[in-house]
Amino acid sequence: MARLDPHSQTDLGQPHQKHLSWKAEVDFAGRTLRGTATLRFDRGGSPVDLDSRGLVIESVTAVDGGPLRFELGSPEPILGERLRVDLPPGVDTCVIRYRTGADASALQWLEREQTAGGKAPFLYSQCQAIHARSVVPLQDTPRLRITYEAELTVPAALRALMAAAFVDREVRGDRAVERYRMDEPIPPYLFAFAVGDLEFRDLGPRSRVWAEPSVVGRAAHEFASVDRMLTSAEALFGPYPWGRFDLLVLPPSFPYGGMENPRLTFLTPTLLTGDRSLVSVVAHELSHSWTGNLVSNASAEDFWLNEGFTVFAERRILEVLEGPEMVALHAAVGRQALDEAVANFRDRPQLTRLRTRLQGVDPDDAFSQVPYEKGFLFLRALEDAVGRPAFDGFLRRYMETFRFQSVTTEELLDLVRTELPGALEAVDAPRWIDGEGVPPGAPVARSSRLEQVEALKAQVPPPAAKDWSPWEWQVYLNHLPRPSPAELMTELDERFHLTRAANPEVLVAWLTVAIRSGHVPAVRRAEELLGEVGRMKYLKPLYAALIAGPGTRPLADACARRYRMRYHVIAAAGVDSLLRKGA
Ligand code: BES
Ligand code: ZN
């Protein structure tokens, strides 16, 4: 058997999925989806192993209704249950009727109180890396792409959105049926939808932003630059391949900053600072339209191919929009996060390689800034070695060669060998790819603004720092020793009001050092924040600081107990694992 993705039951020697026709009825009261998945494969005449997690399978039939033999395995850690379906000769399609389980790992069901409007419940999915299987049975590996059409039945007062092309909406009494189709083949982790009280504002000819009515105006203001981002991304990679680029702002419990679902990027509302200072997240998700969605990592072991290339592209777009000084500041903050991630993995240094071995490892546990920032630095090193024009040409070739395919690290390296001869040797690529930590001689960001901030070390910044960008503040705060003297914390807070910072990146950078230094107002603010947002990038450092801070460990446990139910399953699991480790 040829199982190549350690996170899927898929056997590549069996038939390959091609097209999904999905119908689902959303039951908010029962917190379940009643679904029918009609899966077409490239051939029949063989058993086929699908991934599923927590699904209740009601029947498996051929298109004509005749029953097909199937067998649902017992739950395996990380993978879920194997659903084996027998496709007789000449039968290439099966129809699976099922219900989703009570804690489907891809779904978050929100009570109306957990939304901005407070009037309607909300449901959204987050399938990357291996959660699609908790929503629909399929071969849940990015090696096998599908096209799909979908029909969602929801309460008529709500909208159903999918990361696909809208077809139509039909109201039938108190229910509405919304239809979508995705004609470009996608890896299953990009299957996505959301249901709620949603409105949109147009941002440009190819984009609009969706959000709850009380949020949508602020969102349209924040993301006004999206059209210029599209233009600079196309200059780098060629024509945008997905038609539209729409945005959806989710409720605050969304566990990520952004998720690059095709045609409809999902975003955290914590980006809505009012000053457009966090739009690089949109540039990042937009870049995934090429690096990730058009050319996809073959498995979570090659995740750096998605994220490293995307951070590289994100910073190129940022260079056009905001200039090289800002890029240097972003890269410096990225480097700090990378060093911290490497330090956090001191017990599992294998996870600091670009190419990882994840047999028996949950991709959510392996997640870190390493594939992002170490991947970025490796690509920067290659760019330095061959020059920007040659490297840009290579990026285009990479996109053309693997368009709508998935790619392994080895296949990428093979392409570099032919297209940029000598480049891998010049940067000592094996040290980056299969070596641990950050190679000495990795590119270092340089800029005068950065040097001014770094020169301060732990001194109180001058009054002019009130005009610093959030990135300068992060560089400064992340450099401070933990713990720092209590007097320094008090003075910084009095002068710059950091406990009330509007930018969540600055706020969390501040709170983590201030909590470790016993600054009481920071502890109070963290307690509040942990009940308001579910973005893992903020939850994890805040809980870690409370676990490590003087006398704040009990508060970490209390907050987790109090707020856990508000977090997405993935985020709650991340918090649990921190508390276990810290115990
Ligand atoms: N694709 C990721 C989010 C993700 C990764 C979800 C792995 C599930 C598993 C997304 O593109 C991302 O990287 N988001 C970042 C923002 C970005 C600017 C670095 C985030 O959420 O912080
Ligand atoms: Zn990303």
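**The zinc site, then the chain around it**

Colleague: How are the donor residues of the zinc ion (ligand 2) spaced in sequence?

Modeller: Donors here are N, O and S atoms within 2.8 Å of the metal (3.2 Å for Na, K and Ca), and since water is not among the atoms, sites may look incomplete. Read along the sequence, the donor residues of the zinc ion (ligand 2) have the spacing H-x3-H-x18-E.

Colleague: What kind of model is this?

Modeller: Residues are numbered from 1 along each chain as its sequence is written, chains are lettered from A and ligands numbered from 1 in the order in which they are written, and side-chain values use heavy atoms, with hydrogens and water left out. Local features need pLDDT of at least 70, side-chain atom pairs count only at pLDDT 80 or more, and totals for chains, interfaces and linings use all residues, as this is a model that is predicted.

Colleague: At what distances is the zinc ion (ligand 2) coordinated?

Modeller: The coordinating atoms are given as H284 (NE2), H288 (NE2), E307 (OE) and E307 (OE). For the zinc ion (ligand 2) the distances run from 2.0 to 2.7 Å.

Colleague: How many residues apart are H284 and E307, and which helices hold them?

Modeller: H284 is buried, as is E307, where buried means under 20% relative accessible area, exposed over 50% and partly exposed in between (1.4 Å probe, protein chains only). Helices (H or I, at least four residues) and strands (E, at least two) are DSSP runs, numbered from the N terminus. The pair links distant parts of the chain, with H284 in helix 3 (residues 280-287) and E307 in helix 4 (residues 303-322), at a separation of 23 residues.

Colleague: What do the angles make of the arrangement around the zinc ion (ligand 2)?

Modeller: Four donors count as tetrahedral if all angles lie between 85 and 135 degrees; four count as square planar and six as octahedral if opposite donors are over 155 degrees apart and all others between 65 and 115; anything else is irregular. Because the 6 donor atoms around the zinc ion (ligand 2) subtend angles of 53 to 159°, the arrangement is irregular.

Colleague: Is S287 buried or exposed?

Modeller: S287 lies in helix 3. Leaving out residues up to four places away in sequence, S287 touches F237, T310, A313, E314 and I317, where contact means heavy atoms within 4.5 Å. With a relative accessibility of 1%, S287 counts as buried.

Colleague: Which residues is L230 in contact with, leaving aside its neighbours within four places in sequence?

Modeller: L230 belongs to helix 2 (residues 226-237), and because its relative accessible area is 0%, L230 is buried. With those neighbours left aside, the contacts of L230 are R206, S207, Y240, F245 and L286.

Colleague: Which backbone nitrogen does the side chain of T115 reach?

Modeller: T115 sits in the loop between strand 8 (107-110) and strand 9 (122-125), and at a relative accessible area of 9% T115 is buried. At 2.9 Å, the side chain of T115 reaches the backbone nitrogen of G118.

Colleague: What volume does the largest cavity have?

Modeller: On a 1 Å grid over the protein atoms alone, a cavity is a set of points where a 1.4 Å probe fits but cannot get out, and a pocket is an open set with protein on both sides within 12 Å along at least five of seven lines; lining residues have an atom within 4 Å of a point. Grid points are joined across faces, edges and corners, and a volume is the space filled by probe spheres set on the points. The lining of the largest cavity includes Y240, W242, E285 and S289. The volume of the largest cavity is about 30 Å³.

Colleague: Which helix gives the most to the lining of the second largest pocket?

Modeller: The second largest pocket has a volume of about 560 Å³. Of its 27 lining residues, A328, A331, V444, A445 and R446 are the closest to its centre. With 10 residues, the element that gives the most to this lining is helix 5.

Colleague: What is the phi of I78?

Modeller: Most residues other than glycine have a negative phi. I78 is in the loop between strand 5 (70-72) and strand 6 (81-87), and at a relative accessible area of 26% I78 is partly exposed. Although I78 is not a glycine, its phi is positive, at about 70°.

Methods:
Polar contact = N/O pair within 3.5 Å; in protein donor to acceptor, adjacent residues only side chain to side chain.
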